[in-house]
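Please keep the sequence and the model at hand while reading.

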Amino acid sequence: MGEGDPPRDGKGILHPEGMQAARDLAAGVVHEVNNILGVVIGNAHLAKKNLANPAALEKYMSEVRDAAEEGRELMRHLGILAGGDPRRSRVLSLHDLVANAVSNLRKPVEMDLSVEEPAVELDLWLAQDALGSLAEFMASTSTVSSLRVVTRVVGGAVVLAFEDDGASLTEKELSKLFAPFSKADRRPKTGVGLTKLADLASRFGGRVAAGRRAPNGLRVVLTLPVASAGASGNGPGVPLSKKRV
Amino acid sequence: MRQYLCLVVEDSKTMRAMLAESLARIPGMEVVEAENGLAGIRALATQQFDLVVTDVNMPVMDGLKLVRHVRGDPRHEKTPIVIITTESAPNDRDRAMALGANAYIEKPIQAPRVIRAVKRLLEV
């Protein structure tokens, strides 16, 4: 680079905000994994002391198994965050993704979907996981009684809003909502679930924002470019041996 | 070379793609897709499958009726069936298992879980 050249992005160089995000992610992983290991080690010690007591042994080993399952879930989320790849994108039905994301919820969901069937080009696994994480985050908030999902096509973009009626977040909490392992009062832990949503938006030409819903609640709005081709479940990355009945 | 033929019955294109992509990681696996129980029955009428993976809630014909049909057909009565359920609908899961399904996978779909369940049934 010459003396008068403007600074350029270099491979392997992280901007300060990128470094901070990496630090936040690393700190969150350290915290979560330490908690899990603490449970595993503690219960393993207790189990060893109670080898002659089957009931106690079962209780302690169940704790170990649950902690290990939690660890595996954390690794799964991190794996998806690491693996989302724009080269593996395919054209998908946004409404189909949304329907799947809310299908597992135990709370009522009002669907206010656009008449159009917007197609979006995304990584299938990252998209489904990110939207599912958002729905689960809202539904598992104890103060939330119902969710509302809205889609609207505006020009060449589709706006997807997830809304709930739970505890409202402060400005500070909202500003950090998509950071890894962020915390908000009267809301469940986010882990990296909402970070995946931000990652999805940034990788596929969209944006995501969080705000308050009046009179109370959370609104998360994801805006994505509408794909030009029609939606299909079978895009690049699906082996050609597939047939459709 | 094809070693196993699996019928995936699921109305959601997205879920179908996730299931098909997961199953395709098993060497020798070929997948035929159907978008509801009726389309599944049509496929079963023309081919012998090593495995059926089906959702429960689908338009036209649901997965429970499909399971009943498969178990009532001598050609397919021993074909392993995996149902896709949600944690919030344990009754569907229990009914499908009572009708003769062999295993269930809960949504959200995770490739390792699908592969593990199918490999166990196919004894791969």
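Both B:Glu21 and A:Arg90 are buried, where buried means under 20% relative accessible area, exposed means over 50%, and partly exposed covers what lies in between, with a 1.4 Å probe and protein chains only. The two residues form a salt bridge whose closest N and O atoms are 2.4 Å apart; the term denotes a side-chain nitrogen of Lys or Arg within 4 Å of a carboxyl oxygen of Asp or Glu. B:Glu21 belongs to helix H1 (residues 13–23) of chain B and A:Arg90 to strand S1 (residues 90–93) of chain A, so the pair joins two chains. Helices (H or I, at least four residues) and strands (E, at least two) are DSSP runs, numbered from the N terminus.

This is a predicted model, in which local features need pLDDT of at least 70 and side-chain atom pairs count only at pLDDT 80 or more, while totals for chains, interfaces and linings use all residues. Residues are numbered from 1 along each chain as its sequence is written, chains are lettered from A and ligands numbered from 1 in the order in which they are written, and side-chain values use heavy atoms, with hydrogens and water left out.

Over all chains, the structure holds 21 salt bridges. Side chains of opposite charge can pair when their charged atoms come close. A second example is formed by the side chains of A:Glu163 and A:Arg219, at 2.8 Å from N to O. Here A:Glu163 lies in strand S5 (residues 157–164) of chain A and A:Arg219 in strand S7 (residues 218–225) of chain A, so the bridge ties together parts that are 56 residues apart in sequence. With a relative accessibility of 5%, A:Glu163 counts as buried, whereas A:Arg219, at 30%, is partly exposed. Both residues also belong to a network of salt bridges that links A:Glu110, A:Asp112, A:Arg148, A:Arg152, A:Glu163, A:Arg213 and A:Arg219. A further pair is A:Asp185 with A:Arg186, whose closest N and O atoms are 4.0 Å apart. A:Asp185 is exposed at 52% relative accessibility, and A:Arg186 is exposed at 54%.

Which domains does chain A contain? The assignment gives domain 1 (16–83) and domain 2 (87–225), with bounds that come from an automatic or database domain assignment. The C-alpha centres of these two domains of chain A lie 27 Å apart. Contact between them, defined as heavy atoms within 4.5 Å, involves 14 residues of domain 1 of chain A and 14 residues of domain 2 of chain A. Together the two domains bury about 1100 Å², of which 64% is on carbon and sulfur atoms; buried area is the accessible area (1.4 Å probe) that two parts lose on being put together, summed over both. On the side of domain 1 of chain A, the residues that lose the most area to domain 2 of chain A are A:His77, A:Ile80 and A:Leu81, which together account for 48% of what that side buries.

Between domain 1 and domain 2 of chain A, the count is 1 salt bridge. Helix H1 (16–49) and helix H2 (54–83) of chain A each supply at least two residues of the side of domain 1 that touches domain 2. The largest share of that side, 9 residues, comes from H2(A). Its residues divide into 7 nonpolar, 3 polar and 4 charged, where Ala, Val, Leu, Ile, Met, Phe, Trp, Tyr, Cys and Pro count as nonpolar, Asp, Glu, Lys and Arg as charged, and the others, Gly among them, as polar.

A:Val64 also lies in helix H2 of chain A and, at 17% relative accessibility, counts as buried. Leaving aside neighbours within four places in sequence, A:Val64 is in contact with A:Val40, A:Asn43 and A:Ala44. A:Val64 and A:Val159 are 95 residues apart in sequence and 43 Å apart in space, C-alpha to C-alpha.

Two further helices of chain A complete the account. In helix H3 (residues 94–102) of chain A, 8 of the 9 residues are buried, so this helix is largely enclosed by the rest of the structure. Among the buried residues of H3(A) are A:Leu94, A:His95 and A:Asp96. A:Ser133 has its place in helix H4 (residues 124–139) of chain A and is buried, with a relative accessible area of 13%. Not counting residues up to four places away in sequence, A:Ser133 touches A:His77, A:Gly193 and A:Lys196.
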